[in-house]
Amino acid sequence: MRRLALRTGLRWKVSLAIAAVSVLVAVVLSLVVHNAARVSMLDNSRTVMDERVKVAQRWYEQSRVLGFGAKLDDPRLPEQLKKEAWRGQRATYLEDSGTGTPEVWASVPLRNGKVLSVHTKFQDRFAVLNDLDRVLIIGAVAVVLGGIALGVLIGDQLSRRLRKAATAARKLAEGDSEVRVREAIGGRVRDETDDLARAVDGMAEALQQRLEAERRVTADIAHELRTPVTGLLTAAELLPPGRPTELVRDRAQAMRTLVEDVLEVARLDGFAERAELQEIALAEFITRRVRAVAPEAVITVVRDAHVSTDPRRLERIMGNLLANAARHGKPPFEVTVEGRVLRVRDHGPGFPEELLKDGPSRFRTGSKDRAGTGHGLGLTIAAGQARVLGARLTFRNADPATDGADGEGRGAVAVLWLPESAPTNTGSFPVIEVPD
């Protein structure tokens with residue numbers, strides 16, 4: 001059973017992390033400041049009350065006058081102060097119930113055995129503490145909001161660079177060898193993203209060099225084989241008639257075709273091919289060429305179109321698609337012309353999953369469900385020639401609901417999307433929108 005994974009952007013992850021740290025810092029600092037201010041106020045209140053009780057003691061001893069609201073033997077006097085008075089000590093006491101303003105007491109024993117005491121709540125002082133708490137709350141909220149904004153800014157910058165790097169890497173994977181990740185991300189910041197970009201660029205350059213070396217080796221081998229294969233084919237023509245001679249000629253011709261295909265793939269891989277454009281009526285052109293290579297094919301013209309393309313390359317594409325259908329599929333073979341869209345369908349087992357997932361690949365002929373003959377070059381050449389034309393060649397298997405496929409023989413469908421505008425002389429191609 002597949003588990004659903006929640007995907008969140010890096011920007012929000014960084015923002016949440018900084019916000020969490022900001023909340024923690026703001027709460028800790030607010031508690032520290034609040035407690036420090038409260039302790040300082042309480043200590044100051046104790047000092048003030050100690051001074052008051054000393055002044056009140058002097059006034060009472062000199063004039064028997066009770067000042068600062070002092071009382072003698074106050075019945076509400078806390079037990080702790082009574083104990084200190086019995087010991088003959090002047091003392092202060094903080095009576096804090098946990099709610100509201102704490103009450104501060106001060107007491108001193110007199111010579112006549114009585115206890116003089118004063119107490120108050122210092123409402124005005126602790127009102128300042130409430131104001132300080134409000135300021136701390138506002139400051140904490142401002143710190144958190146500022147942290148979130150900073151996180152969004154930092155995360156957005158990092159996320160943007162990573163998205164640009166991912167886009168450039170995808171272009172590299174699609175075959176655009178000119179793209180460089182480090183140039184794509186840009187910016188003056190030098191961080192781990194730059195290290196990643198350099199690593200990807202280095203890997204892409206190394207891979208490109210290996211592919212170029214492989215292409216050159218393949219082209220050189222095929223080129224060197226052309227002469228002996230041509231000589232072998234010529235020598236086969238001189239053999240006396242008979243079944244062995246026919247087998248030798250057939251194998252020599254197959255080898256010559258393979259060598260020519262490998263050379264063509266090498267040229268297409270070099271991205272040096274250019275289309276020689278002509279204006280053609282697509283339906284008439286396709287009908288004539290298909291009749292020549294596959295007379296049994298069923299041709300359907302839904303809508304005609306005039307296109308500017310390379311007739312030789314278009315003929316090569318259609319020939320390879322029909323040859324692939326004849327080799328791996330089953331009749332009837334159907335060719336449909338619908339405007340600039342060409343479809344070639346057979347009624348065989350369909351394309352293998354590897355081809356549908358990764359596209360055609362040289363020397364890979366498909367799965368065990370297909371015939372397994374050939375070298376996998378036909379569809380590779382067709383895809384390469386389509387790229388030269390600025391076209392798009394897609395592969396899928398027939399859908400019983402929409403294509404009328406039946407049972408085991410679903411059938412393979414190759415669709416060629418010709419562009420509305422032809423490729424330029426510099427080799428740039430128009431963008432073709434392929435519907436889902």
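How much of the chain over residues 12–33 is helix, how much is strand, and how far apart are the end C-alpha atoms? Over residues 12–33 the chain is 100% helix and 0% strand, with 31 Å between the end C-alpha atoms; helices (H or I, at least four residues) and strands (E, at least two) are DSSP runs that are numbered from the N terminus. This is a predicted model, in which local features need pLDDT of at least 70 and side-chain atom pairs count only at pLDDT 80 or more, while totals for chains, interfaces and linings use all residues. Residues are numbered from 1 along each chain as its sequence is written, and side-chain values use heavy atoms, with hydrogens and water left out.

**Annotated regions and a nonpolar patch**

- The unreviewed UniProt entry lists residues 12–33 and 135–154 under "transmembrane region", with positions given in the numbering used here, feature names shortened, and annotations that may be inferred rather than shown by experiment.
- Over residues 135–154 the chain is 100% helix and 0% strand, and the end C-alpha atoms lie 28 Å apart.
- Ile137, Val141, Leu145 and Ile148 make a nonpolar surface patch of about 360 Å²; patches are made of residues with over 30% relative accessible area and no salt bridge, like charges being joined within 9 Å and nonpolar side chains (Val, Leu, Ile, Met, Phe, Trp, Tyr) within 5 Å.
- Leu145 is placed in helix H3 (residues 123–173) and counts as exposed because its relative accessibility is 55%, given that buried means under 20% relative accessible area, exposed over 50%, and partly exposed in between (1.4 Å probe, protein chains only).

**Paired strands and a hairpin**

- Strand E6 (residues 298–303) pairs with strand E8 (residues 334–338) in the parallel sense over 5 bridges, where two strands pair if DSSP finds at least two bridges between them.
- Thr300 has Thr336 in E8 as its bridge partner.
- E8 also pairs with strand E9 (residues 341–345), in the antiparallel sense and over 5 bridges, and here Val337 stands opposite Leu342 in E9.
- E8 and E9 form a hairpin with 2 residues between them, and Gly339 in the turn has a positive phi of about 65°.

**A loop glycine**

- Gly69 sits in the loop between helix H1 (10–63) and strand E1 (71–72), and Gly69 is exposed because its relative accessible area is 56%.
- Although Gly69 and Val118 are 49 residues apart in sequence, their C-alpha atoms are 6.3 Å apart in space.
- Leaving aside neighbours within four places in sequence, Gly69 is in contact (heavy atoms within 4.5 Å) with Ser117 and Val118.

**Salt bridges**

- Side chains of opposite charge can pair when their charged atoms come close.
- The count comes to 11 salt bridges, each being a side-chain nitrogen of Lys or Arg within 4 Å of a carboxyl oxygen of Asp or Glu.
- Lys54 and Glu51 meet in one of these salt bridges at 3.4 Å, N to O; because they are 3 residues apart in helix H1, about one helical turn separates them.
- Glu103 forms a salt bridge with Arg76, with the closest N and O atoms 3.8 Å apart; Glu103 lies in strand E3 (residues 103–109) and Arg76 in the loop between E1 and helix H2 (79–86), so the pair ties together parts that are 27 residues apart in sequence.
- Glu103 counts as buried, at 10% relative accessibility.
- Glu338 forms a salt bridge with Arg343, the closest N and O atoms being 2.9 Å apart; Glu338 is partly exposed at 27% relative accessibility, and Arg343 is partly exposed at 25%.

Note on methods:
Accessible areas come from the Shrake-Rupley method with a 1.4 Å probe; for residues, only the protein chains shown count as cover.
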